Amino acid sequence: MTEKKLDSLHVAIVGAGPVGIEAALAAAEAGVAFTLYEAGAHVGSNVLSWGHVELFTGWDLNVSPRMRRWLRRAGREIPSGGEPPTGRELVRRVLQPIAVLPAVGDRLRLGTRVLSVAREGLLKHEEIASDERANLPFRLLVRTSDGERIDRADMVVDCTGTWDVPNALGEGGIPAPGEAGAEDRIVRHIPDIEANPGEWAGKRILLVGGGHSAQTVARSLAALAKGSPATRVTWALRHPELRLQPIAGDRLPARSRLTRAARQLATSDMSGLEVLPGFTVNGMERNGDGLNVILRRRDGSTAVRRVDRVVSMCGYVGDHGLYRQLQVHECYATAAPMKLSAALLAGSASDDCMDQTGFGASTLGNPEPGFLILGSKSYGRNSTFLMRVGWEQVDEVFGPLGARTMPAAAR
């Protein structure tokens, strides 16, 4: 990309979560004009969707050095220590106080969803790796309560994360037959059962998934069932063997406690809890005010459970349609940017998020000049992302702007 003077550069940062806020602060420090887009009504809207849940990591790992500097200058409290905050606390005590600072707040656009990003005057397949493509601005189709419009930017940083797009329930990752018609009975984000017990007590509930989100829900449902014997929970896990083992020497005690509790539940004979390892959702259909859900094992055997509600904890993916018209090189397996995915899939890569570090600016670039994906979305289907990595990515991208040029990763 032809070098562009700092005073004429405009950056669009999409998503005002922890990494988007960090990118906004970095742009402000570099003296770069930017617009920070957030589809929700508040910064950290995705975080607030699981706001009642505690993180595994403590405050010291959830407030970046850059955030601390800005909070300190503003005379605001800086949370610290090893106690894990809830998502709601993270937004209230860190993201929101930063968002109201003039350097960020004046450029923040809440309730503004970026629908698509393209290159002005070009289609996806045109001007591959050419200076002409690099020198044309981006077009962003955005939607607000007033309608739709086109914004322009010289550089686009996608920090939208993955929480917005939950995976389907069906085997192989596609929707199960009847899933679309049962959407009103399916919960796809971690429900706050403790705050709303009346919505769950006495119900027949199917929980699908085996990761930490599913373990969190299983623990909450089990606690509810102890006080409400009429509650019935079926927990379907895709793998035939229970993969509920804590990481050896886990440095995150909260994560270890959760997994141990989930395994104890899954291997117990607790009344009201049925655990079905090796089962996936093969279909569902309405049955009065409930659902008949067909569960299938790999050997072809099936089980049918009539339930009132399904909690789908099958993971999340990023909104890849956002850049459908850009030249983005994605990994065919993880859907992450290819260079970063290759680094993550290397044999030496750890499965523990605590071991993750940035892989350098060269792994963040795309064939599309000036377009970058940062934060959890950059990891695609790899679940080892740690917030600290997103801050390192921001440094790798925005640091070179101090030299008054576009960053190398965006060329």
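Trainee: Which residues have the most contacts inside the largest nonpolar core?

Mentor: A nonpolar core is a set of buried Ala, Val, Leu, Ile, Met, Phe, Trp, Tyr and Cys residues joined through side-chain atoms within 4.5 Å, where buried means under 20% relative accessible area with a 1.4 Å probe, protein chains only. Here the largest one has 75 residues, and Val11, Leu36, Met67, Ile98, Trp235, Leu374 and Phe398 have the most contacts inside it. Apart from it lies another core, of 17 residues, including Ile186 and Val281.

Trainee: What should I know about the model and its numbering?

Mentor: It is a predicted model, in which local features need pLDDT of at least 70 and side-chain atom pairs count only at pLDDT 80 or more, while totals for chains, interfaces and linings use all residues. Residues are numbered from 1 along each chain as its sequence is written, and side-chain values use heavy atoms, with hydrogens and water left out.

Trainee: Which residues is Ile98 in contact with, leaving aside neighbours within four places in sequence?

Mentor: Contact means heavy atoms within 4.5 Å. Ile98 touches Ile21, Leu25, Met67, Leu71 and Val104 in this way.

Trainee: How do I read the sheets?

Mentor: Strands of a sheet pair through backbone hydrogen bonds, either parallel or antiparallel. Strands (E, at least two residues) and helices (H or I, at least four) are DSSP runs numbered from the N terminus, and two strands pair if DSSP finds at least two bridges between them.

Trainee: How many bridges join S1 and S2?

Mentor: Five bridges link S1 (residues 10–14) with S2 (residues 33–37), and His10 has Ala33 as its bridge partner.

Trainee: Which sheet has antiparallel pairing?

Mentor: The open sheet of three strands, in the order S4-S5-S6, is antiparallel. Its edges are S4 (113–119) and S6 (147–153). S5 (residues 138–144) pairs with S6 over seven bridges, and Arg139 stands opposite Arg152.

Trainee: What do S11, helix H8 and S12 make?

Mentor: A crossover is right-handed if, with the strands pointing away from the viewer, the path from the first strand over the helix to the second runs clockwise. S11, H8 (residues 253–266) and S12 make a right-handed β-α-β unit. S11 (residues 232–237) and S12 (residues 273–277) run parallel, joined by five bridges, and Trp235 is partnered with Val275.

Methods. Buried means under 20% relative accessible area, exposed over 50%, partly exposed in between (1.4 Å probe, protein chains only).
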